[in-house]
Amino acid sequence: MEQRYEEAIQAAGARLRQYLENVPPRMQEQTQEIRLGAGRPVLLFTGEASYFLNAARPPSLQMGEDTLIASPGDIQSAFQRICEDSVYAYRREIQNGYVTIQGGHRVGICGTAVVQDGKVSNVRDISSVNIRVAREKPGVSSPLFEILGPHLLQGVLIAGPPASGKTTVLRDICRQISRGALGKRIKTAVVDERGEIAAVCNGIPQNDLGPCCDVLDGYPKGEGILQAIRCLSPQVVFCDELGGWEETQAIQQGVHAGVSLIATIHAASFPQLLKRPQARALLETGAFSFVVRLGAGNQVGQLAEWKRVGDLFAKTDGASASSLRLRCGRVFRSV
């Protein structure tokens with residue numbers, strides 16, 4: 001059985017897992033998501049199409065009499081496995097809508113929100129789970145190295161819609177930089193709040209991040225960035241899915257400490273990115289010289305476009321491109 005797929009299906013309950021184990025090897029390699037919804041067919045999404053999981057034949061594009069329907073018991077069984085029978089221990093992750101399991105696979109959770117003081121404090125009556133299969137793709141970031149080369153060390157923000165491969169690209173950049181792809185080995189630190197980048201298990205990263213990488217596993221991003229700067233003397237810090245004000249403040253301190261940052265953020269387009277106040281604040285720290293956008297096609301990590309931050313602001317706000325380029329690209333030159 002394909003290793004990453006085998007890891008991911010451990011999140012499913014015993015009844016459905018026996019069928020998932022029998023999926024043909026080729027489809028195991030192609031599967032990106034396994035979608036389980038109470039009272040709905042079990043679906044395997046490959047990036048090109050959604051296939052129905054069947055009891056007596058391979059997955060198919062059309063439903064049949066033997067198509068498997070997930071029961072409420074299947075969903076509850078999966079939820080208990082995801083939380084390792086300790087829902088309270090995973091309360092913070094459940095509030096955020098997903099749990100990262102061993103191997104770095106993300107499991108999205110859908111149910112009824114329990115709201116306190118205007119915020120989601122818990123989720124009950126779980127109705128569906130979405131298992132996203134995390135995969136390493138060595139070399140997926142090579143187009144960025146060809147375009148930007150050593151300018152990667154001036155700070156890059158990787159934007160893209162969900163499932164576009166942002167984390168996969170981020171991980172590969174770290175691996176290549178740490179291995180010396182830019183002519184020398186660069187000291188890196190990964191702040192892995194959700195465990196998706198390094199997939200640490202018993203203190204050992206399961207993903208290859210190169211020989212010169214330290215991993216701060218489970219640290220909140222803002223705190224982890226500052227911890228890395230204080231204790232690990234990294235030249236480049238990597239983190240996933242920025243967006244909070246605390247993270248922006250930490251990044252501002254990182255700028256003054258001379259540390260480069262390569263990170264990801266959710267945004268399907270550049271205009272959408274600049275409409276988010278937190279995103280604008282991140283770009284205005286000067287930590288990023290370039291913004292890269294990944295496409296939403298079938299190819300994971302597909303580079304759609306890239307811009308200098310100064311040019312991006314100038315096009316949107318009518319500001320001086322030269323002044324903004326200087327402002328957003330003046331740091332990290334000595335890395």
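This is a predicted model: local features need pLDDT of at least 70, side-chain atom pairs count only at pLDDT 80 or more; totals for chains, interfaces and linings use all residues.
Good morning, colleagues. The largest cavity in this structure has a volume of about 70 Å³. On a 1 Å grid over the protein atoms alone, a cavity is a set of points where a 1.4 Å probe fits but cannot get out, a pocket is an open set with protein on both sides within 12 Å along at least five of seven lines, and lining residues have an atom within 4 Å of a point. Grid points are joined across faces, edges and corners, and a volume is the space filled by probe spheres set on the points.

Residues are numbered from 1 along each chain as its sequence is written, and side-chain values use heavy atoms, with hydrogens and water left out.

Let me stay with the cavities. The search of the whole structure finds 3 cavities of 30 Å³ or more. The largest cavity is lined by 11 residues, and those closest to its centre are Ile225, Ile251, Gly254, Val259 and Leu261. At least two lining residues come from each of α8 (221–231), α9 (245–256) and β13, with α9 giving the most, 3 residues. Helices (H or I, at least four residues) and strands (E, at least two) are DSSP runs, numbered from the N terminus. By class, this lining has 9 nonpolar, 2 polar and no charged residues. In this scheme Ala, Val, Leu, Ile, Met, Phe, Trp, Tyr, Cys and Pro count as nonpolar, Asp, Glu, Lys and Arg as charged, and the others, Gly among them, as polar.

In it, 7 strands form an open, mixed arrangement in the order β11-β8-β12-β13-β7-β14-β15. The edge strands, β11 and β15 (303–308), each pair on one side only. The twist averages 20° from one strand to the next. Two strands are said to pair if DSSP finds at least two bridges between them.

Strand β8 (residues 188–192) is mostly covered, with 5 of its 5 residues buried; buried means under 20% relative accessible area, exposed over 50%, and partly exposed in between (1.4 Å probe, protein chains only). From β8, Thr188, Val190 and Asp192 point one way, and Ala189 and Val191 the other. On one side, β8 runs parallel to β11 (residues 213–217) and is joined to that strand by 5 bridges, with Ala189 opposite Asp214. β8 is also parallel to β12 (residues 236–239), through 4 bridges, and there Val190 has Phe238 as its bridge partner.

Elsewhere in the sheet, β7 (residues 156–160) and β14 (residues 290–294) pair in the parallel sense over 4 bridges, and Ile158 stands opposite Val292. Helix α7 (residues 166–179) packs on the sheet, touching β7, β8, β11, β12, β13 (260–266) and β14, and its direction makes about 165° with that of β13. Contact means heavy atoms within 4.5 Å; axes are lines fitted to C-alpha atoms, for helices over the stretch in contact, and angles run from 0 to 180 degrees between N-to-C directions.

Helix α8 also has a covered face to report. Its buried residues are Lys221, Gly222, Gly224, Ile225, Leu226 and Ala228, and what covers them includes β8, β11, β12 and α9. Just after α8, Ser233 takes a positive phi of about 45°.

Finally, the pockets. The largest pocket has a volume of about 1000 Å³. Of its 34 lining residues, Glu93, Thr100, Glu193, Arg194 and Gly195 lie nearest the centre. The largest share of that lining, 4 residues, comes from β4, and the classes are 10 nonpolar, 11 polar and 13 charged. The second largest pocket holds about 700 Å³. Among its 36 lining residues, the closest to the centre are Gln32, Val133, Ala163, Thr168 and Val300.
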